[in-house]
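Here is a briefing on one protein chain. Look over the sequence and the model first, then read the notes by topic.

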Amino acid sequence: MYMFFYLLLAIIAGTCIGLQAGINGVLGKRIGVIEASFVSFFIGTIILLLLVIFMGKGDLLKVTNVSKWQLLGGALGVGYVSIMVAIVPKIGVASAITAVIVGQLFISVILDHFGIFTNQPIPIDWYRTTGLVFLLVSLLLIFKGNIKWF
């Protein structure tokens, strides 16, 4: 039962990403790519600060004791948001998000295969390979409306 709830939450998160990409793309056209990325992260930082103050249950000071590579998430987020701000106005939300999903799933399958971050390998098999192939086909079909192939 919990698994369906978690899947629903993931779908909601995906909806947020799709909306975020569209909104940030429009903002980027108005104020600039880097500027829109900054505004997006600044507003997110304010909201997270309030959540930490009023709802946080962890120990933020322990951040000084983690391996430095564990701090790369923020830098990767900057890359993601900045790229989306730049490309959504050019290729559309659907193409951009589909391409993001392709990238996410390809790296996820590789990470799972080697047990990186989980210490429990999930080998690449023909089911996953077939899913990735279908995903690439879906990217081509979604993106096809944006370009002239020949």
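Two residues are in contact when heavy atoms of theirs lie within 4.5 Å. By that rule, among contacts in the protein chain between residues at least 6 apart in sequence, 60% join residues at least 24 apart. The model is a predicted one. Its chain has five helices and zero strands.

**Overall build**

- From the N terminus on, the order of elements is α-α-α-α-α.
- The C-alpha trace spans about 55 × 45 × 35 Å along its principal axes.
- The protein chain has 150 residues, and buried residues make up 17% of them.
- Its accessible surface comes to about 11,600 Å². Carbon and sulfur atoms account for 76% of that surface.
- The chain carries 9 positive and 4 negative charges.

**Nonpolar cores**

- Which residues form the largest nonpolar core? There are six: Ala-21, Met-84, Val-88, Ala-96, Ile-97 and Val-100.
- Two elements give two or more residues to this core: helix H3 (72-91) and H4.
- H4 supplies the largest share of this core, with three residues.
- Val-88, a member of this core, is in contact with Ala-21, Gly-22, Gly-25, Val-93 and Ala-96, leaving aside neighbours within four places in sequence.
- As background, nonpolar side chains tend to be buried together in soluble globular proteins.

**Ser-40 in helix H2**

- Ser-40 sits in helix H2, which covers residues 33-55.
- Is Ser-40 buried or exposed? Its relative accessibility is 19%, so Ser-40 counts as buried. The cut-off is under 20%.
- Not counting residues up to four places away in sequence, Ser-40 touches Gln-20, Asn-24 and Val-81.

**The salt bridge**

- How many salt bridges does a search of the whole structure find? The search finds one.
- The partners are Asp-112 and Arg-128, with their closest N and O atoms 3.2 Å apart. A salt bridge requires such a nitrogen and oxygen within 4 Å, so this pair qualifies.
- Asp-112 belongs to helix H4 and Arg-128 to helix H5, so the pair ties together parts that are 16 residues apart in sequence.
- Arg-128 has 26% relative accessibility and therefore counts as partly exposed.
- In general, side chains of opposite charge can pair when their charged atoms come close.

**The loop between H4 and H5**

- Helix H4 covers 93-114 and helix H5 covers 126-144, and Ile-122 is found in the loop between them.
- Ile-122 has 37% relative accessibility, so it counts as partly exposed.
- What does Ile-122 contact, leaving aside its neighbours within four places in sequence? Its contacts are Asp-112, His-113 and Arg-128. Of these, Asp-112 and Arg-128 form the salt bridge.
- Ile-122 and Ile-110 are 12 residues apart in sequence. Their C-alpha atoms are 9.1 Å apart in space.
- Phe-117 is also in the loop between H4 and H5. Its phi is positive, about 80°, although Phe-117 is not a glycine.
- Phe-117 counts as exposed because its relative accessibility is 60%.
- Asn-119 has its place in this loop between H4 and H5 as well. Phi of Asn-119 is near 60°, a positive value in a residue other than glycine.
- Asn-119 has 75% relative accessibility, so it counts as exposed. The cut-off for exposed is over 50%.

**Gly-103 in helix H4**

- Gly-103 is placed in helix H4.
- Is Gly-103 buried or partly exposed? At 39% relative accessibility, Gly-103 counts as partly exposed.
- Gly-103 and Leu-136 are 33 residues apart along the chain. Their C-alpha atoms are separated by 9.9 Å.

Key. Residues numbered from 1 in each chain as written. Predicted model: local features only at pLDDT ≥ 70, side-chain atom pairs only at ≥ 80, totals over all residues. Heavy atoms only, no water. Helix = DSSP H or I, 4+ residues; strand = E, 2+ residues; numbered from the N terminus. Buried < 20%, exposed > 50% of the residue type's maximum accessible area, 1.4 Å probe, protein only. Areas by Shrake-Rupley, 256 points an atom, 1.4 Å probe, with all protein chains shown as cover. Lys, Arg positive; Asp, Glu negative; His and termini not counted. Charge placed at Lys NZ, Arg CZ, Asp CG, Glu CD. Core = buried A, V, L, I, M, F, W, Y, C linked by side-chain atoms within 4.5 Å. Salt bridge = Lys/Arg side-chain N within 4 Å of Asp/Glu carboxyl O.
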